[in-house]
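Please read the points alongside the sequence and the model.

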Amino acid sequence: PAARGCELPGDGARATVSNQIGEEQRGSLQRVRQRGEKKCPWRQAAKIENLKYFSKLDFRSKQGLINHGRPMPELKGLRQNTGQKITRSFQVEWYQRKDWLCGCATKNRLYCFPCLLFSSTDNVWTNAGFCDLKNLPRSLNKHERSTAHIQSQIALKTFGSSGTELALDEQRRLNISIHNAKVKENREILKDLINATCFLAKQELAFRGSAGSGSSSNRGNYVELLHAFAEKDEKLARHLETSAVFSGLSSKMQNDLIDAVGEVIRNDIKQEINAAPFVAVEVDETTDVTNRAQVCVVLHYVAKSEATCEVREAFLGFDDVGEGRRAPAIAEYVLRVLGKYKCVDKLVAQTYDGASVMVSDLDEVQAKIKEKVPEAMFTHCYAHNLNLVLSHSAKCIPECKTFFRTLEGLATFFNQAATRTHLLDDLVRRRLPRAAPTRWRSRSRLVQTVSVHQPDLRAAFRIMSENPDGWDNETLMMAAGYDLWLSKASTCFFIMAYEDIFNETDALYRVLQSTATDIRFCCAQIRSAMEVVERQRQEFDSFYFRFEQKCAALGLTDIVRSGQPIREERRILFYNILDNIAIQLKARFAHFGDLAFVGLVDCTKFYEMSQHFDDTRLQSLSKFARHFDFVRLKADLVGLYNSAKVRNECKSPRQLLSFLAQNDLMQTVPEATKLLQLVLTIPAMTASAERPGSAVKRLRTYSRNRTDQGQLPSLAIISMETERLLRLKEKREDFYNKVTDIFVRKDGRTDFIYK
């Protein structure tokens, strides 16, 4: 048809509505709509999507929306085409012919106003909207005759005529007001409960007492702490005395609060990890007071704060992956945790400091991780690699394993009782260092101390044996055993052999700790250490001569045995110890060339590199090629090398990254910034397990001291992430709201949700 219109029913007859609307009439309708928008704020709010929530409004809001009227926008996009020709289009006067018709300018659809407000029937006039202009007249007639439409029209026309509706609405408003007042009070009480939860978890104190009775004199730290708060808070005191629905003292509520606080901390970690370009994972093993071993995961990454960048460690959780703790289970657990925090693709390094899996399944674990993330290089911190060399040497040779276990037991013996410690102080005038599982420098100090004070230690044991009345049976038996052990020439042999080894490895340890960014220098020192070990192997005769002299001076004896001479047995054992260390040194430090790119940000060499850029170090970044624009990276580095201000103020990669952040230069040298973040993320620069306050060290301390409630993962994360918790609590109301929102979702606790 030439005319762009359609027939609408009216007064029982089908009338043709002209497509031509006079400009005066169209302008009049437009002005009416504009005046309505200015007079009534409901004009802006009365969108089709908002009308669908009409039943949830209070009486006054419903009345305001109805009084405002139906939305009647000009639907310019509602039309039908045949080829290039427009055959039908929307006409504004249709709103006048049908007092229930309304429209949506966003969707370009027609709707039924009363059905949107009052009908629960789902049809095209209340759901998707009507747009078939060809069948519009027939659809209008059909809808008007429907029961749902007639009932909706009656409800619309008679709305508010009954006083009952107004009375019910007023009662509803009163109930909501009472409910919200109670919610506000409950949320204020919950703040005290959150504070008590944070305090106990942070201080690693047990929540519940041994007695479950509420009348017990010791109701547990959590309940007692709340009652201590109540002494200064009348509202809390009244709540604890009178509340029947929500007291906040139940075990379940304590656990839910612990989980809620833990979840807020996890969400903060997720937010930081999402913003970090790289992450490195450290897998460790801890043993609790029940001697139960668990595998834990710690992430290393660089976090951007307001004015600087910080290297952070985040504890992600721990789990018992099985008694055998085999490679597939460990790899699956690590990938599952990384997937939970959506950072698998950001993984650039993996390390397994201190975990027993390193001995047997280490290569398989890291290989399975690399199958998923090829860029995830396997690395240990330099100093820890040296620890692993010494650890493996002691564990794979039975005689060495027995020696170190007995030596560690000797140190523990004097630390277990005050009377033993006092005797040690009187005779030796020095305490014996305790040997930490992954800190072989502590064993070095222990060997050196026993070597120097071996006669004094034997004198202490003889005093115990000669004065049996002053000591218990266990002490006397152990003293006799340790005295016999120290009297053996074989013990002196191990002490002297490892004393010579430790003299060299301690020096290497200090180098690896202090010059970690100078890869070439570190590798040179490692080669030098290997050469020293080889020379020691060739000098067995001189070593044995010194050994025999010391045995004679101390009056040490050898067990007389038939067969192979004892000297030849010790020669073989001496060679085995040194050969094992040499092999382990080569194996553990074989791939340090992969970290040559670390030298690109060695601030102490910037002037030297400004004269000659080392492209081989840049090429060592090839495995991370997808992260870098190498042309831009070289330009960024050359610019930094040639800056006198950078050379004078920045002495380490960490200082350089902070300098860039504080001076808003990160976007000036974006690729160099990325390289700094990569270098600082890889946990090969320092012995992370040895750093004060490191996540691994905190975890070990927590595991040794935890109580039964420590089985809760959230309790562990609160204790481990104390600094993060304190930082979150600086924004007090925001922190309380986040914890409360998570807490109320646990069981849909309506007493904490505003209406």
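Contact here means heavy atoms within 4.5 Å. The model is predicted, with local features needing pLDDT of at least 70 and side-chain atom pairs counting only at pLDDT 80 or more, while totals for chains, interfaces and linings use all residues. Residues are numbered from 1 along each chain as its sequence is written, and side-chain values use heavy atoms, with hydrogens and water left out.

1. Leu316 lies in strand β9 (residues 309–319); strands (E, at least two residues) and helices (H or I, at least four) are DSSP runs numbered from the N terminus. Leu316 is buried, its relative accessible area being 9%; buried means under 20%, exposed over 50% and partly exposed in between, with a 1.4 Å probe and protein chains only. Leaving aside residues up to four places away in sequence, Leu316 touches Ile269, Val297, Leu299, Val337 and Tyr341. The C-alpha atoms of Leu316 and Ser714 are 9.9 Å apart, although 398 residues separate the two along the chain.

2. Ile269, one of the residues touched by Leu316, also belongs to the contact of α12 with α34. The axes of helix α12 (residues 251–275) and helix α34 (residues 722–729) come within 10 Å and cross at roughly 95°. Axes are lines fitted to C-alpha atoms, for helices over the stretch in contact, and angles between N-to-C directions run from 0 to 180 degrees. From α12, Val261, Val264, Ile265, Asp268, Ile269 and Glu272 meet Arg724, Leu725, Arg727 and Leu728 of α34. This contact has six nonpolar, no polar and four charged residues (Ala, Val, Leu, Ile, Met, Phe, Trp, Tyr, Cys and Pro count as nonpolar, Asp, Glu, Lys and Arg as charged, and the others, Gly among them, as polar).

3. Helix α17 (residues 398–415) and helix α18 (residues 418–427) have axes that come within 6 Å and cross at roughly 105°; the two helices are therefore roughly perpendicular to each other. Phe413, Phe414 and Asn415 in α17 meet Arg420, Thr421 and Leu424 in α18. By class, these residues are three nonpolar, two polar and one charged.

4. For helix α28 (residues 630–641) and helix α31 (residues 670–681), the axes come within 7 Å and cross at roughly 85°, which makes α28 roughly perpendicular to α31. Arg632, Leu633, Asp636, Leu637 and Leu640 of α28 meet Pro670, Glu671, Ala672 and Leu675 of α31. The contact comprises six nonpolar, no polar and three charged residues.

Methods: Parallel < 35°, antiparallel > 145°, perpendicular 65-115°, else oblique.
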